[in-house]
Amino acid sequence: MLRFAATRSLQLVPLLLVVSLIVFMIMHALPGDPVALMLQGAEGGVASPERLAELRAQLGLNDPLLLQYGRFVAHALEGDLGMSVRFHEPVTGLITDRFGSTLALAFSGLAVAIVLGVPLGALAATRRNSWIDVASMGLSYIGASMPVYWLALVLILAFSFGLGWFPPAGGGTWQSLVLPAVTLGVSASGLISRLVRSNLIEVFSEDYIRTGRSKGLSEGAILWGHALKNAMMPVVTVMGLQFGAMLAGTVVTETVFSRPGVGRLVVNAILWKDYPLVQGCVLFIAAVYLLVNLLVDVAYAALDPRIVP
Amino acid sequence: MMASGLFRRVAAGLMFLACGTATAQAAGTLVIAIPANQEPATLDGHIDPFQSTWLVDSLMADPLLVLAPDGTYKPDLALAWESNPAGTVWTFKLRPGVTFQDGTPFNAAAVKANLERIIDPKTQSAQMKSEVGPIKSVDVVDDLTVRVGYDTPWVTLLDAMRRVPIWSPTAMEKAGLNGFASVLVGAGPFTFVRKVPNDRVDLKKWPGYGGWNSVQKKPGAVELDGVSIRWIGSSSVLGSLVQSGDADVATFLDPISVPDYKDNKAFQFYAKDQAGTGLQFVMNIRKPPLDDIRVRQALITGSDRPGLNTLLYDGLFAVGQGPLNDVHPCYWRGAETMYPYNPTKAGQLLDQAGWVLPQAGGMRVAKGVKNVADGTPLRIRMTMISRKEMGEGLQAQFKQLGIDFAVEVVPGPVQLDRVQKREFDLIYERQRSPDPVILDQIWNSKWEVPGGWAWTGFKDAAFDALVGQLRTVPDFAKRCEIARDVQKTIMENALMLPTLSDPVYVAMSPKVKGWETGAEGNWFYVNNVTK
Amino acid sequence: MTSLRRLFRRKVNVVALAVILGWVVLAVLASTIAPHDPTETVGRSRQPPSPLFWFGTDQLGRDIFSRVLQGARISLPLGVVTVIVGAIPGTLLGLFAGYFGGVVDTLISRFVDALLAFPSILLTLVVIAALGPSLRNVIIAVAVAMIPEYARLVRSSVLVIRGLAYVEAARALGASNLRIMFVEVLINASGPILVMSTLQVGQAILVGAGLSFLGLGPPPPTPEWGLMSAEGQEFLRRAWWMSTFPGLAILSLVIAFNLFGDGVKSVLDPKLGRGRG
């Protein structure tokens, strides 16, 4: 088990390097002079050519690309992701200030997805082909086909402006987390419920279930004791992937609900052409995503007795 | 090392989430909601160019003087001021007995430190530096007298100094250039507590405040326990906050929220215009199609601005007519009759300029236009930062005239990038100030330099001499006269497209008493507020 | 052809296909059947739904129903073209990797893994950051995120197929690698590709609308459904119809594609249909 975890962790390193290379290359292929962009409107108005050249040398932009890339990686390893052009603050600080909020949102979104999806899928599996099955599958399709922002707006309309239960914007309180979490969770719950349903159906026909039945165990014990545990394993994988998708989904959700977060930071950085910030955010999110996938793989291996690591 | 810092910050963020401090607000804290697009990148007003930055800073750091609600300059940290007749030397007499929130005494050396920090190239001050002008020297005459010297006259220093936050020099030095934005120590009624990006700024009452702002009626500390500024991303949410009680004051309301409060006895409401250029769009006259004055005139006379106002904003905005809006003290009335709405005339102008309607219908194409191949369609692009619906409204109007009008919404840096590269036809340029010097800033070809604010490409020596006087003539009435001539010339040359002017709408809960609006719609004072 | 009959025996698939075709018809005929010009101010702004304006009017007094119809002309082609632009390079990569194996496979697979290291929306955002917001760039950005998924899918299908008997036979008969790749292997891998493509059209429409909502898509006055919902957010309390109807349009179209795609999946590969869902 440990060896498995170790090998997978080691594989992470070259992958991260390639990711950083891709990020670096794309950012440096972008149009626009980064130095000119940095000095926009600064200096009380006049950016002289000498100042531009001075700043360019200061930032090391005249060095060969390979050297610049090396410096980029070296700094990144120390936690320095450069300076934001718009905020005049270190990118790393901007990200860590907001990451807590995004994490909270992604976790609660995942929680909602599980709370909604697993029972729904289990219900559908046990009442297979009944109207409950059809209804719950229908709901899951709707959830997965809805634009995230649209669901957010509908929820705001109903529960904020309509009933006044939750705030329509902002962050910092648990109440402000509810609607965004539900928004995120609903679309993911569709996939989870369908997966739980089909896996449970498959598991129900497996040998050891029949053995359990013959032993006289109650339906309930069979379900909760054996079936669910075995059906959950691929779901764990999906949950991990969903977490990654959720990190992505926060992009829209944070914008609609005016919440602070890394997703919204990235979008604004792109709109503002704040390339150092875009670069840093992308690298950070990709690294987190890879880490999550690694953890999911390890968890999957730990849960599945059939995998020999 | 880095990991622990990272961990600390992420943990802090999560903890803050858990504690839900929004509900734990002290009873006497004034909650002010402001649109999120005014949230500054940094709260250090020396660096950041937003008016909202200086407004928030004024709560933490008193400036040398204030523009009182009646429109005159009154003392704050400075008791008196004067300039020599040439306008090249300004002397300020400072108030004794003032200390900063960290105990540092306030004196001429502190003022000198602040001004020098603004003009230092390392600070990269976006706007403040150009407001205070090309300072040659700052001299400490004695502990309470400071002299600011220029090579050329700088008559608008007062308008700048009313906004410059005076920070504590010890705090500035200790925190360093980039670290100061988390410290923000001044001599204002409130101390900086925290800033949560995209969310809020929290300030706490400073008991040691002396009530030095002339607007404040009672000496000593203010009555409020604190102020909390909330940045609200959605204007419909902003409009509902006072009604729901989630905020005490909501500023810069969208016109659509106005009917909720305007004649509603349950709330307080006011509308105040912002003198300045209004929402103007300047034209790039360097290249076709706008290098032809007839095309430019066609745009002005072919746009139905009152119609836009009625359609989009229920008639709540003010109609723009020229380079200054109608609440500006130096507004030129002649602008109203120069280009009345006349789409037929606009079409004729375009025909004369060689842009004709094809037989088959569709957009106008060039026929005998200099430097343009015959058959090229008439395409004009408008670049703007916000209020996209206005652009779309104009788009629909100009489509009737056969103009293919494209609307492009970009953020600030991209707008400036377009200007730099001269890649624009019509571009948004708005300045707000009751002083006509903004006309020089925008229209004097002297400022057609990288980072400068003259964008159109219009060059005329006589005109430059005329508008340049706005920097050197101290008498305000005379400056208004000059300003009116300037506006006339600009309109005769059809260098800009006026649209509308947006007043500031503010709604307040009835509990809020003592709110003072600044002479400028976008400013306010909370020194006398109780709730 | 028995697959087709099996497909249409289930009512769900018929309804889904009908919805899709319905939208196609609406899109094609949009200009003729739209009651008003979608870019013209035809009424007062922010009017609620009425017999004259079925979906109400927006902030500029434009008929939302006509705009929604017009929006179909953007979203439908967007979905289809995006999938094509993403499927072709992705399929080719997977084909080459799976068929030739060895160094080619390693190189391509590492590259695909690196692309998959990004959450797909991030890849999309990065491409938009590089190219700037426009309809064309949305297509490219979303397609780029699809390429690694196609590559992986096709590669694993190819790995299975290339060992099969008739492929060996073709090679023995002296057919060139290229011919074998495209004729024998690809045609037999086309099932999963078709399934994925149907599902991805709906996905592309969703992501495209999301990008427009964030302001990273085509500029105004384009009646793109995501853009319309974004514009309507400011008026959510007073004019809920501005955001709601474009969203319903997307919902109906994407559900139809998802349902139909799942139907195709369960018919073409019963193993796939039953298991992972």
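Where in chain B is D314(B) found? In this predicted model, in which local features need pLDDT of at least 70, side-chain atom pairs count only at pLDDT 80 or more, and totals for chains, interfaces and linings use all residues, D314(B) sits in the loop between α10 (305–313) and β14 (318–319) of chain B. Residues are numbered from 1 along each chain as its sequence is written, while chains are lettered from A and ligands numbered from 1 in the order in which they are written. Helices (H or I, at least four residues) and strands (E, at least two) are DSSP runs, numbered from the N terminus.

Although D314(B) is not a glycine, its phi is positive, at about 55°. D314(B) has 15 other C-beta atoms within 10 Å and is therefore partly exposed; with C-beta atoms placed from the backbone, a residue is buried if 20 or more others lie within 10 Å of its own, exposed if 12 or fewer, and partly exposed in between. A positive phi, near 50°, also belongs to A494(B), a residue other than glycine. A494(B) is placed in the loop between α17 (476–492) and β20 (496–497) of chain B, and A494(B) counts as buried because it has 23 C-beta neighbours inside 10 Å. Another loop of chain B, between β13 (281–283) and α9 (293–301), holds P289(B); the peptide bond from P288(B) to P289(B) is cis, with omega near 0°.

Turning to chain A, the chain is divided into domain 1 (1–86 + 272–309) and domain 2 (102–269), with bounds from an automatic or database domain assignment. In chain A, 16 residues of domain 1 are in contact with 12 residues of domain 2, contact being C-beta atoms, placed from the backbone, within 7 Å. On the domain 1 side, the touching residues comprise 13 nonpolar, one polar and two charged (Ala, Val, Leu, Ile, Met, Phe, Trp, Tyr, Cys and Pro count as nonpolar, Asp, Glu, Lys and Arg as charged, and the others, Gly among them, as polar).

Also in chain A, helix α7 (residues 148–162) packs with helix α8 (residues 175–204) at an angle of about 135°, their axes 9 Å apart. Axes are lines fitted to C-alpha atoms, for helices over the stretch in contact, and angles run from 0 to 180 degrees between N-to-C directions. The angle makes α7(A) oblique to α8(A), since angles under 35 degrees count as roughly parallel, over 145 as roughly antiparallel, 65 to 115 as roughly perpendicular and the rest as oblique. Residues of α7(A) that meet α8(A) include L151(A), L155(A) and F159(A), and among their counterparts in α8(A) are L179(A), V182(A) and V186(A). By class, this contact has nine nonpolar, two polar and no charged residues.

Conventions:
Contact = placed C-beta atoms within 7 Å.
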